[in-house]
2 protein chains.
Amino acid sequence: MDHDVVDGVLAALADPTRRQLLDLLAAHGQATATTLAGGLPVSRQAIVKHLTVLDAAGLVSSVKIGREVRYGVRPEALDATARWMAALAADWDRRLAKIKRIAEQG
Amino acid sequence: MDHDVVDGVLAALADPTRRQLLDLLAAHGQATATTLAGGLPVSRQAIVKHLTVLDAAGLVSSVKIGREVRYGVRPEALDATARWMAALAADWDRRLAKIKRIAEQG
DNA sequence: CTCATGTGCAACTCTGGTGTTGCACATGAG
DNA sequence: CTCATGTGCAACACCAGAGTTGCACATGAG
């Protein structure tokens, strides 16, 4: 199911540093851990750990080129989570509307 | 901006227990912390803390009725976050498509 | 009034995640 | 080959957050 994907994405997006990381990646299109570390106030190793989490969540992918590792953004997991969330919100709306209707009409 | 809302929602949804809590609330429509504690393997106090977080994120609302406090689900913040996420995913798609086009033709 | 039940507040423990540092390894540049 | 640069691995410090427990307070039920 998508459920596992959603779990991972939500956990990954919970951290502000990881969201900044995704912003940088989306802007540059492609970047290494070392490059990204230059744009954030944390060490390269911290960046690597975050990228590992993002990769596990399916939000980024990595390609090894020579002696460096290029990371890029991957929209699918985020899109799936967005759809899940929208559906959940719609479901809540439906339930609340139903309850309200019952309360008003008896 | 919606940005603060999104931050809070993402932080709130990161915890599995809070997501279960939201499920229970959506199912029951209305419930107290004590009632909810009966449906989860944690203490009432833990539930209260989670509900406080969810309330701060705008995902639930509380109403005091006599000596008990009823909590209910609130779809707006979740819906706003879903829209934000969908827009972000679309933006990534757009960027990747652009890069791909350049790589192929340029 | 008396009591049971639900809530609020505070202190405490403890695990997990974030971040750091240090060093070893791999590889392209010269 | 030699060296600089980029990665990988491991141990460590640190702190926010999840959960618990204990007790005091408030209020509906009888």
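Which helices and strands each supply at least two residues of the surface near DNA strand C? In this predicted model, chain A provides helix 4 (44–56). Chain B provides helix 3 (33–38), helix 4 (44–56) and strand 2 (68–73). Helix 4 of chain A gives the largest share, four residues.

Now look at the residues themselves. DNA strand C is surrounded by 18 residues. The closest come from both chains: Ser43(A), Gly66(A) and Arg67(A), together with Thr32(B) and Thr34(B). By class, the surface near DNA strand C holds eight polar residues, six nonpolar and four charged.

Nonpolar side chains tend to be buried together in soluble globular proteins. Here the largest nonpolar core has 52 residues. Which of its members touch the most others? They are Val9, Leu59 and Leu78 of chain A, and Val9, Leu59 and Leu78 of chain B. Take Val9(B) as an example. Leaving aside residues up to four places away in sequence, Val9(B) touches Ala57(B), Leu59(B), Ala77(B), Leu78(B) and Thr81(B). Among these partners, Leu59(B) and Leu78(B) are themselves listed with the core members that touch the most others.

Definitions and conventions: Residues are numbered from 1 along each chain as its sequence is written. Chains are lettered from A and ligands numbered from 1 in the order in which they are written. This is a predicted model: local features need pLDDT of at least 70, side-chain atom pairs count only at pLDDT 80 or more; totals for chains, interfaces and linings use all residues. A residue is near a molecule or strand if its C-beta atom, placed from the backbone, lies within 6 Å of it. Ala, Val, Leu, Ile, Met, Phe, Trp, Tyr, Cys and Pro count as nonpolar, Asp, Glu, Lys and Arg as charged, and the others, Gly among them, as polar. A nonpolar core is a set of buried Ala, Val, Leu, Ile, Met, Phe, Trp, Tyr and Cys residues joined through C-beta atoms within 7 Å. A residue is buried if 20 or more other C-beta atoms lie within 10 Å of its own, exposed if 12 or fewer, and partly exposed in between; C-beta atoms are placed from the backbone. Two residues are in contact if their C-beta atoms, placed from the backbone, lie within 7 Å.
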